[in-house]
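Notebook open. I wanted to look up a few things here and jot them down as I went.

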Amino acid sequence: MGYSLNFSVVWRNFDKLWGGLALSLELAVISLAIGIAIGLVLAVIYVSGGRFTRMAIAVYVEAFRNTPLILLVYLVFYGLPQIVDIRYDATTSFVATLSIYAGAYLVEVFRSGLEAIPQGQIDAGRAIGLTPLQRLAYVRLPAMVRISLPALSNTFISLFKDTSIASVIAVPELTWGAQWINLNTFRIVEAYLVATAMYLVTGYVMLFGLRLVERRFQVARNA
Amino acid sequence: MHEPLLTIRDLKKSFGRTEVLKSIDLDVGRGEVVAVIGPSGSGKTTLLRCINFLETYDGGSVRIDGAEVGYTEGRKRRGERALARMRAETGMVFQSFNLFPHLTAAQNVMLGLTKVRRKTKAEAREIAGHWLGRVGLGHKAEALPSELSGGQQQRVGIARAVAMEPKILLLDEITSALDPELVGEVLEVVRGLAAEGMTMLMVTHEIAFARDASSRIVFMADGTIAAEGPPVELIASAEANPRLFSFLARFRASHF
Ligand SMILES: Nc1ncnc2c1ncn2[C@@H]1O[C@H](COP(=O)(O)OP(=O)(O)O)[C@@H](O)[C@H]1O
Ligand SMILES: [Mg+2]
């Protein structure tokens, strides 16, 4: 009851939050980029692959989508170096984890995008003599990008929020910045309120921007 | 010599346990326009799709210019690249247009020209412009399919197919997804191609058009060719062919 808000210590240490936000965005963007690469390659392999490859990919997707991210983060950072001879700092470890995690989601996004393309368009590509690779490059992938774009934006925003989990292995992103202020000043409410506001504002700005991009593509698809 | 351009012999095709094509024999000569009619489900689409190997078949042969389309002489399935090369020799126009939605009208026509025919962008653009002009869409080159009417989309579909200079053009009920007032503009384009000597095999429900534009009509029923002949003779023979008679009876009132 006796707690009165005092934001001045938060402003004095604002660089921790500001730098944290920048790192959070960086983690999300890099993980998204790697996740897109993983997702694209595996989705293409999935739709053109045999039973065994499909099963292997499905196992990866299910395993990573159904495990709490925080456990994966612990496993990769603390567990993996115990088993195999590998060394990395917390940030690298987290990017690797989040990328593989994002990949699992994006395989699904791209796979369903690829499978949603009307057979007639693929037939049209075959009929003019395109090879399978050409059909993929000029017919299927462009159509898939349009279909997958909304899900891709949502994934990006989720990833941005998921970066807060990196704080558990002391990656100095936004949530960690708030924790630092809390531990050093005991202004717990102020620190977390400001961090929350920063997540919200950034998330909404991204959502708004991505919807604009989507709309441009949408116009091209069914105006 | 004077061998037909397209030779189909004993063609058989089943989907699971349903026999969809039961020993089809059909020849189409160079410059000939052959119409295929028949009730829905009789195998017309499947026949066309076997000709450019969009569908594999279980027996018999399909030859264009003497070469089997889908299989090597030892009846091994051709590799994908060889198949693609063979398919480029046949043009196909679809009932549902199937334009590439992310490409403009011109780009739809250019894709095969640049990627399959290896034309430069400039050459392809010129050819696309020529054919779009021919189908009356010179002014719509930069339009996306979604900005075009059904009739216009289908004319782009025709331009896309003929720009590849195929040996034969396969048309599958190309007007049946169109509003009645748009049918005429598309048939006019086909008539023009026929007049120029394009070899065509066209599935159609436009009996009057089949009668006027084709040199031969093939009537399919239950996966077989139940009757065939020059339009006037075939239609006259319907009195003696109950299946053909009942099929044509549905059109008589409206089209004759
Ligand atoms: N991909 C397919 N799988 C299973 N059955 C099919 C497939 N395509 C066509 N059929 C069946 O084959 C028969 C002939 O179809 P189709 O060639 O489309 O006839 P038409 O074009 O004369 O209407 C129909 O009974 C249809 O249901
Ligand atoms: Mg059909």
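My entries follow, starting with conventions.

This is a predicted model, so I keep in mind that local features need pLDDT of at least 70 and side-chain atom pairs count only at pLDDT 80 or more, while totals for chains, interfaces and linings use all residues. Residues are numbered from 1 along each chain as its sequence is written, chains are lettered from A and ligands numbered from 1 in the order written, and side-chain values use heavy atoms, with hydrogens and water left out.

**Strand S3 of chain B**

Five of its five residues are buried, so S3(B) is largely enclosed by the rest of the structure; buried means under 20% relative accessible area with a 1.4 Å probe, protein chains only. B:Val34 and B:Val36 point one way, and B:Val33, B:Ala35 and B:Ile37 the other.

Next I checked its partners (strands pair if DSSP finds at least two bridges between them). S3(B) runs parallel to S8(B), residues 200–203, with four bridges, and B:Val36 sits opposite B:Val203 there. Four bridges also tie S3(B) to S9(B), residues 216–221, again parallel, with B:Ile37 opposite B:Phe219.

**Chain A against chain B**

I find 22 residues of chain A in contact with 26 of chain B, contact being heavy atoms within 4.5 Å. I noted one salt bridge between the chains, a Lys or Arg side-chain nitrogen within 4 Å of an Asp or Glu carboxyl oxygen. A:Asp123 and B:Arg49 form it, with the closest N and O atoms 2.9 Å apart.

Note on methods:
Buried means under 20% relative accessible area, exposed over 50%, partly exposed in between (1.4 Å probe, protein chains only). Helices (H or I, at least four residues) and strands (E, at least two) are DSSP runs, numbered from the N terminus.
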